[in-house]
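This report covers a sheet, a cavity and a pocket. Please view the model alongside the text.

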Amino acid sequence: LAQGPTRLWITVTNRTAATRYARALLDVALTERADVNVIDAQLAAIADLFNQHEALRKVLLTPAVPVPNKRALIVELLDKMAVLPLVKKTLLLLVENDRLALIPDVAEAFRQRLLDMRNVVRADVTTADALPPERLAAIQGSLAAATGRTVELTSRVDPSIVGGMVARIGSTVYDASIVNHLKRIRQRLDASI
């Protein structure tokens, strides 16, 4: 029971720290007129590398590996990837502060801040069957009208929702699935008995 709240606190703390790094990186990038799209792509590539290579992740996160060794490994990787100096400085700062575990969160927080700056919101739409492009465009337009922002739409298929649609925008979920509708009917019936 004690691990649940502790894990939640660590997750919130890591997200907060990652958001600070991402905000600082974006602020400096804008001040220096760096290409924020390139920075975003490079951070995403580094996060993917970190997430996909367990051996690399273990070495970078193991307290037994000295910081100078981690720094040398990061420098070698970043040089091979030919990242911008600003990205390199940020990652070296993560090394020095022993915060390499934040790499995926920093990449995600940077992308989110970039989208916010551009007045773009991400939306995930789940349907029971694949939708044709014109239907997806209509949903995207409706969500844009509802949010007042440009919508970056991702669609997924999940036959378990039976029909209808589930749309997630940030932390808000609009559940118009048949499964949810049937669930509400059942709750009403259970309550009336």
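## Burial and basis

Buried means under 20% relative accessible area, exposed means over 50%, and partly exposed lies in between, with a 1.4 Å probe and protein chains only. Val151 has a relative accessible area of 5%, so Val151 is buried. Val151 sits in strand E2. Its C-alpha atom is separated by 24 Å from that of Ala29, 122 residues apart along the chain.

The model is predicted: local features need pLDDT of at least 70, side-chain atom pairs count only at pLDDT 80 or more, and totals for chains, interfaces and linings use all residues. Residues are numbered from 1 along each chain as its sequence is written, and side-chain values use heavy atoms, with hydrogens and water left out.

## The sheet

Helices (H or I, at least four residues) and strands (E, at least two) are DSSP runs, numbered from the N terminus. Two strands pair if DSSP finds at least two bridges between them. Strands of a sheet pair through backbone hydrogen bonds, either parallel or antiparallel.

Four strands form an open sheet with mixed pairing, in the order E2-E1-E3-E4. E2 and strand E4 (172-177) stand at the edges with a single partner strand each, so one side of each is left without a neighbour in the sheet. From one strand to the next, the twist averages 15°. Angles run from 0 to 180 degrees between N-to-C directions, and axes are lines fitted to C-alpha atoms, for helices over the stretch in contact.

## Strand E1 and its partners

Strand E1 (residues 120-127) is mostly covered, with six of its eight residues buried. E1 pairs with strand E2 (residues 150-157) in the parallel sense over eight bridges. E1 and strand E3 (residues 164-169) run antiparallel and are joined by five bridges. Val125 has a bridge partner in E2, Ser155. Its bridge partner in E3 is Ala167.

E1, helix H7 (residues 133-147) and E2 make a right-handed β-α-β unit. Right-handed means that, with the strands pointing away from the viewer, the path from the first strand over the helix to the second runs clockwise.

## The cavity

On a 1 Å grid over the protein atoms alone, a cavity is a set of points where a 1.4 Å probe fits but cannot get out; a pocket is an open set with protein on both sides within 12 Å along at least five of seven lines; lining residues have an atom within 4 Å of a point. Grid points are joined across faces, edges and corners, and a volume is the space filled by probe spheres set on the points.

The count is one cavity of 30 Å³ or more. About 70 Å³ of space lies in the largest cavity. Helix H2 (36-52), helix H3 (54-61) and helix H4 (67-81) each give two or more residues to its lining. H4 supplies the largest share, four residues. The lining has 10 nonpolar, no polar and no charged residues. Here Ala, Val, Leu, Ile, Met, Phe, Trp, Tyr, Cys and Pro count as nonpolar, Asp, Glu, Lys and Arg as charged, and the others, Gly among them, as polar.

## The pocket

The largest pocket holds about 180 Å³ of space. Its lining residues include Arg15, Asp105, Glu108 and Arg113. Helix H1 (3-31) and helix H6 (103-117) each supply at least two lining residues. The largest share, five residues, comes from H6. By class, the pocket lining has two nonpolar, two polar and four charged residues.
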